[in-house]
Amino acid sequence: MSLLLTIALSITSLLPQADDAFWRDSIPQEMKQSYIEYGEQYQDKAWTALPWTVFAENKITGNRVNYEAICFEKRRHLAALVMAEIMEGRGRFLNSIIDGIGSFCEETWWGIPAHYGKRIPLQESQEVDLFNAETASLIVWTRYMLEKQFDAFSPDLCKRIDREIEHRILKPALAKDYWWKTAGMNWNPWICSNWLTCVLICEKDESRKAEAIAQIEKATRTFIDAYPEDGGCDEGPGYWDRAAASMFEVLRLLVISNEKLVISNYDYSGKIRNMAAYAYRTYIGNDYCVNFADAHENKAVQQVNIVYPFGLWLGDKTMREFGAYLGRSKQVLTQPAKLYDKSGNFPTLGRELFFLRHIRDFIAEKPQEPLLKDVWLPNLQIMTARRGNTFVAIKGGHNGESHNHNDVGSFIVYMDGEPLFIDPGVGEYTAKTFSNSRYEIWTMQSGYHNLPQINGVDQKDGKDFSAKVVNHKDGQLTLDIAGAYPADAAVKSWKRTVSANKSGVTVTEDYELSQYVAPSRLMLMTTRSDALQHVSYNPNQLEATIEDVSNLLDPLLQGMWGKKMYRITLIVKSNNTRQHIKYSIK
């Protein structure tokens, strides 16, 4: 039996095609109806042509969201129709899907302008970025699921898709030494999971297939090797679903290509389990996640259809139960398609289908919110602690992390499942976000995190600006964060201790300056105008002010936090170079 036929049979066993009775017999009726009704919204909608003038805005003004909104909505359009057709199986959506495939084939490039060097896309320049790989995967899973229906319409349709995938993904991804193949961050597994999908379904040349799989396996090993043993994702929970979760999708697909043993030859089982567990180790409760770094979301929206399959694959009971909890809290069993509007980018068709493949296991799973008492990730230097109605998380690390903010030593506090003191996250991405001017953006600056400004000086970006762990025990972490500040701060040591207890959170600041230059200030970010009432401090040591910074919030941040945000400043009154300051949050 040839490799191609073996792989084809393996895929079918893992994921039946659209004509299989599984989709009509195994999916609950309410779920099917949700997908069908969502698809009906797009049934008579014309396919959008993506305007080059909007594509060019990224290079002209720095705006990237205008094009992305149009681009992602078009992909949501296709995914909605495909899911509706799979669930109904009557051919009612096929003509619209076929027209959509034609429209996608006429697009010059499937990626986004932020990842492209020209003002307009060029046919001969098929760079492999996150979103042309993601679009390719969407097209390929559509081709796979509806192959028989497409062939009945025209045998040239699947051939056209295969040619486009070869030109846009298979050839350039195999031939070019892209930086992301050796990266320890989300680009690596995110692209590799989609590239591997294209390889397994569309690559007809067995030698090229074998070479591509070898490259993907090597890239995946590189990604895993780059991760710390504690499984911590320095990009934050907001990127976990495209880092460790996409890695899982690569490993799952490698089973199809008989490469599972290659991966398992490396002793990764413990690390991979930790990488998976990060999803629930950074879960706060009430749908909230710890949102350090470039988090576009402070809730567990994007994890719904991947946490349960990942936990099932690993045999991680806590993760399975967390996945079941997330699914029910998001009404997956009654209104799954509504999540498409909240999925961040656009629906990942393959991920949705693989989740549904396990729907009976999912339904039988006991839902359980993972309200862990204590978590300590020593490599990432992240502690979380839960005491009574209080949750606190604090991070150390360094200021050269992926999607970094200057936030070494910052903490967040939630009370009764709701945010009290927060990490604002990140606003809408622009060209400036990933430029040399990144730290001119307020959300990247330590002055807008829950951190001290020392002698009037904020933290500096770069891997050398880091914290040292002094002590960790039972919901208490002491970090020396002096190393996160430049020489201008004139600080010898700044030991910050955050302790969780039954009555709330206690923070102490023990510091020594080489000289006094200007008053040091302790910042606290919040969305609550009454937040200062929750802070107890010695007025002989500190003077409090509060400023409204709501004017800084763009639409994305308003979607996370609402329309109001405040910065509390606790100003150190003394000009002594040695201080012990204690305050509590309750």
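Throughout this tour, a residue is called buried when its relative accessible area is under 20%, exposed when that area is over 50%, and partly exposed in between, with a 1.4 Å probe and protein chains only. The model on screen is predicted, so local features need pLDDT of at least 70 and side-chain atom pairs count only at pLDDT 80 or more, while totals for chains, interfaces and linings use all residues. Residues are numbered from 1 along each chain as its sequence is written, and side-chain values use heavy atoms, with hydrogens and water left out. Helices (H or I, at least four residues) and strands (E, at least two) are DSSP runs, numbered from the N terminus.

**Stop 1: helix 3**

Select residues 29-40, which make up helix 3; this helix has 12 residues and reaches 16 Å from its first C-alpha to its last, close to the 16 Å expected at 1.5 Å a residue (the expected span is 1.5 Å times one less than the number of residues). Colour Met31, Lys32, Ser34, Tyr35, Ile36, Tyr38 and Gly39, which are buried in helix 3.

**Stop 2: aromatic rings**

Now show the side chains of Phe, Tyr and Trp, whose rings (the six-membered one for Trp) pair if their centres lie within 6.5 Å, with planes under 30 degrees apart counted as stacked, over 60 as edge-to-face and the rest as tilted. The structure holds 28 aromatic pairs. Start with Trp141 and Tyr144, whose ring centres are 5.6 Å apart and whose planes stand at 85°, so that the pair is edge-to-face. Both belong to helix 8 (residues 130-145), where being three residues apart separates them by about one helical turn. Trp141 is buried, with a relative accessible area of 4%, and Tyr144 is buried as well, with a relative accessible area of 5%.

Tyr308 lies in helix 17 (residues 304-314) and Phe362 in helix 20, so the pair ties together parts that are 54 residues apart in sequence. Tyr308 counts as buried at 1% relative accessibility, and Phe362 counts as buried at 0%.

Then select Phe55, Tyr67, Trp109 and Tyr116, which ring pairs link into a cluster.

**Stop 3: charges over rings**

A charge sits over a ring if NZ of Lys or CZ of Arg is within 6 Å of the ring centre and within 35 degrees of the ring normal. Centre the view on Trp110, where the charged end of Arg168 sits over the ring, 4.1 Å from its centre. For another case, go to Phe22, whose face has Arg357 lying over it at 4.8 Å from the ring centre.

**Stop 4: Leu174**

Select Leu174 in helix 10 (residues 155-175), a residue that counts as buried at 19% relative accessibility. Leaving aside residues up to four places away in sequence, Leu174 touches Ile169, Lys181, Trp195, Arg208, Glu211, Ala212 and Gln215. A distance drawn from Leu174 to Lys209, C-alpha to C-alpha, spans 9.4 Å, although the two are 35 residues apart in sequence.

**Stop 5: the strands**

Two strands pair if DSSP finds at least two bridges between them. Five strands form an open sheet in the order 3-4-5-7-8, with antiparallel pairing. Its edge strands are strand 3 (374-377) and strand 8 (418-421), each of which pairs on one side only. Within this sheet, select residues 382-387 and 390-395, which are strands 4 and 5, paired in the antiparallel sense over six bridges; Thr384 has Ala393 in strand 5 as its bridge partner.

Another open sheet has four strands in the order 9-15-18-17, and the pairing is antiparallel. The edge strands there are strand 9 (452-453) and strand 17 (542-548), each pairing on one side only. Two bridges join strand 9 to strand 15 (residues 521-526), and these run antiparallel; the bridge partner of Pro452 in strand 15 is Leu522.

Finish with strand 19 (residues 578-585), which pairs in the antiparallel sense with strand 14 (residues 504-513) over eight bridges, and in which Gln579 stands opposite Tyr511. Strand 19 also pairs in the antiparallel sense with strand 16 (residues 535-537) over three bridges, and Ser584 in strand 19 is the bridge partner of Ser536.

Definitions and conventions: Contact = heavy atoms within 4.5 Å.
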